[in-house]
Amino acid sequence: MHTDIAVREQTRCQIINKTQNFVNKNRPLGTDPLEKFCRTASNITKKFIKSNPNILITEADKGNRTVIMHLDDYDSKMAQLIGDTSTYQQVNSDPTSRYERGNNNIVRRLYALQLIDARTKHRLTSYNAVCPRIYGQPKAHKPSLPLRPVVPNTTSPTYHLSKFIADILQNSFKSQYNAVDSKTFCAYVNQLTIPTDHVLVSFDAVSLFTNVTKDVVIHDIIMMWNEIQVNTNINLDLFLEIVDFCISGSFFCFRQKFYHQISGTAMGSPLSPILADIVMENLLTRALRTANILPQFIRKYVDDLFLVLHKDQVNAVLDVFNTMNPRIVFTSEVEVNCQLPFLDLLVIRLPDGTIKTDWYTKPIASGRILNFFSFHSMDQKLSVARNFIDRVRSLSTTRSSEQQEQLIHTHLRKNDYPSALINRLLRQTQRIDTPDKPTIYRSIPYIQGLTPSLKRIIHSSGLAVGISHSNNNTVGKLYRNAKDPVPDMSKSNVIYRIDCQNCPGKYIGMTANKLRNRMYGHQTHVNTLEQHLAQGQQYTDLPVQQLREKSALINHCITHQHRFNISNPTIVDITYKKQALQVLEMCQIATTSNTVNHRTDTDNLSCAYAHLLSSIKTRREEESRASSTNSYNRPDSNDYPSQLTQTDTTTQTPHTVQIPQ
């Protein structure tokens with residue numbers, strides 16, 4: 001145990017030393033021609049987007065394409081989509097609080113019945129739910145560019161409970177028709193021999209998720225309860241009640257209006273995929289029995305079906321499928337020239353009835369993968385290239401080795417991969433995997449010249465930690481967010497700053513709850529102080545002095561008789577990992593000038609970070625002074641230097657928010 005702690009401390013010191021040396025180099029930005037070009041292009045694009053607020057730039061639902069459309073057209077399509085009164089219904093107010101209470105009541109019942117432990121109870125309880133924001137992904141492969149509705153449910157009050165139920169169903173459901181992935185499907189079809197009077201057909205369910213009705217889900221769960229009860233100690237009635245509640249809890253916000261999904265399941269809920277899979281499986285079983293189709297000639301992938309049918313029975317079988325459920329409608333596609341695309345494969349029927357496959361992309365596909373000149377780590381680029389080579393070789397059973405290599409060269413060269421590198425990767429017949437895969441993975445931003453060194457230090461330390469890279473400069477950063485913004489006061493897991501109204505002092509705080517609730521707490525302390533003073537008590541009296549223990553903010557108010565601008569906090573950082581909050585808060589305190597926080601607020605921060613954080617603080621102060629000097633020297637500025645606005649440069653641009661009165 002002591003050895004492990006020593007290794008961690010040594011590794012931490014080495015990482016800090018390497019980072020400090022990198023910061024001290026103070027390499028001027030933009031000296032590399034490619035980096036300068038990308039930064040200039042990015043700035044021009046951002047300026048264009050900012051000056052054209054009526055233009056929406058977003059990602060298509062398929063093909064890795066970027067779609068540019070007028071915001072009015074997008075809003076019109078979204079209004080038409082959610083205007084379907086058979087699926088969506090507008091409600092007068094935000095239903096989040098109601099469903100949060102319902103979710104927590106169910107969790108408390110599960111815990112009281114000893115069906116879950118305390119840790120699971122804490123995980124399933126919702127504390128800071130926010131109404132999900134719907135957005136539409138343009139279907140670039142279809143005329144008139146319709147939108148696919150997506151409702152990210154990660155902020156929904158029922159998200160974790162839905163995921164809990166989905167895991168139980170996933171462990172209980174065993175499909176005899178599912179194709180797990182393209183490679184599995186490829187292995188399946190390459191073993192088939194098709195009769196000469198049969199054809200390849202694919203059926204596609206139209207808008208499956210929104211047409212998976214609650215009554216059908218309940219019926220299918222009851223039918224497979226014998227398999228489900230093996231994986232849970234929850235009885236059938238309570239299980240159905242939870243499923244009913246999670247399906248009913250599909251709601252969202254669009255343009256400050258709230259809607260409730262009254263039919264189907266939300267595309268974005270963790271429960272929706274498994275429910276749709278179960279419904280499709282049972283529908284498929286009944287349809288095959290009715291149409292008298294051999295089950296070995298069919299495979300399913302979500303809402304896509306691959307079948308081998310007699311050429312005279314295609315329409316009859318399609319009619320059978322469309323009578324199984326009045327809301328689930330199928331469309332069909334029959335092979336053309338003995339070829340049929342399915343997933344990312346082209347299924348080819350040879351003259352002797354055997355099946356071969358070829359790697360396939362839809363005509364709308366951009367062909368874009370991670371470009372070789374992108375600012376990502378070389379490991380990521382090599383991994384992308386290897387995966388592409390592996391897929392082409394695995395799925396292209398009709399091509400010779402030379403034809404496969406030609407296809408690989410064509411696509412990788414379009415993404416600027418050097419020919420010499422492609423040839424070297426093609427010669428690697430087997431991947432070299434690490435024998436001992438780490439159990440813990442951590443992601444760190446990729447910074448050229450620094451991240452590879454940090455990765456080597458961690459790997460050489462012997463710690464069982466795997467390192468992956470993330471890139472902060474992505475194309476997605478240039479997209480205009482089509483979703484309604486979440487009010488800043490509704491955000492949780494944030495580091496915030498409150499400025500003193502009477503001096504340059506700043507209070508840095510953190511909260512895992514909604515920022516609004518934390519501001520109410522600060523305001524309550526100040527209100528209590530004001531009440532004591534209004535009753536004739538002095539700052540030195542005991543009731544007032546006892547308030548010092550509440551926070552460093554109220555302590556400053558009492559010591560200096562100052563007041564803070566609590567109604568306008570500034571978010572300086574945000575994280576989705578609660579365990580990182582305290583570290584982020586301590587780092588912000590250590591790198592911010594004129595803080596009023598207690599010295600004990602940073603006691604738990606390792607001293608190894610002291611010099612690096614001091615360097616960051618010094619740089620911030622220099623930038624702040626330069627900004628203040630420029631503002632003070634402007635002819636139209638009559639403010640004193642102490643009253644100038646200071647710029648706080650953080651990894652995330654700070655922004656001021658207002659607390660509602």
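Strands are DSSP runs of E with at least two residues, helices are runs of H or I with at least four, and both are numbered from the N terminus. Two strands pair if DSSP finds at least two bridges between them.

This model is predicted: local features need pLDDT of at least 70, side-chain atom pairs count only at pLDDT 80 or more, and totals for chains, interfaces and linings use all residues. Residues are numbered from 1 along each chain as its sequence is written, and side-chain values use heavy atoms, without hydrogens and water.

**Exercise 1. Find the strand order of the open sheet of three strands, and its edge strands.**

Solution. Start with the order: S12-S13-S14, paired antiparallel. Next, look for strands that pair on one side only: these are S12 (339-342) and S14 (355-359). Then take the twist, which averages 25 degrees from one strand to the next. Axes here are lines fitted to C-alpha atoms, for helices over the stretch in contact, and angles run from 0 to 180 degrees between N-to-C directions.

**Exercise 2. Count the disulfides (cysteine sulfur pairs within 2.5 Å).**

Solution. The count is zero. Check cysteine 246: the nearest cysteine sulfur, that of cysteine 131, is 16 Å away. Cysteine 246 is buried (under 20% relative accessible area), at 5%. For cysteine 338, the nearest cysteine sulfur belongs to cysteine 186, 18 Å away. Cysteine 338 is partly exposed, at 31%; that class lies between buried and exposed (over 50%), using a 1.4 Å probe and protein chains only.
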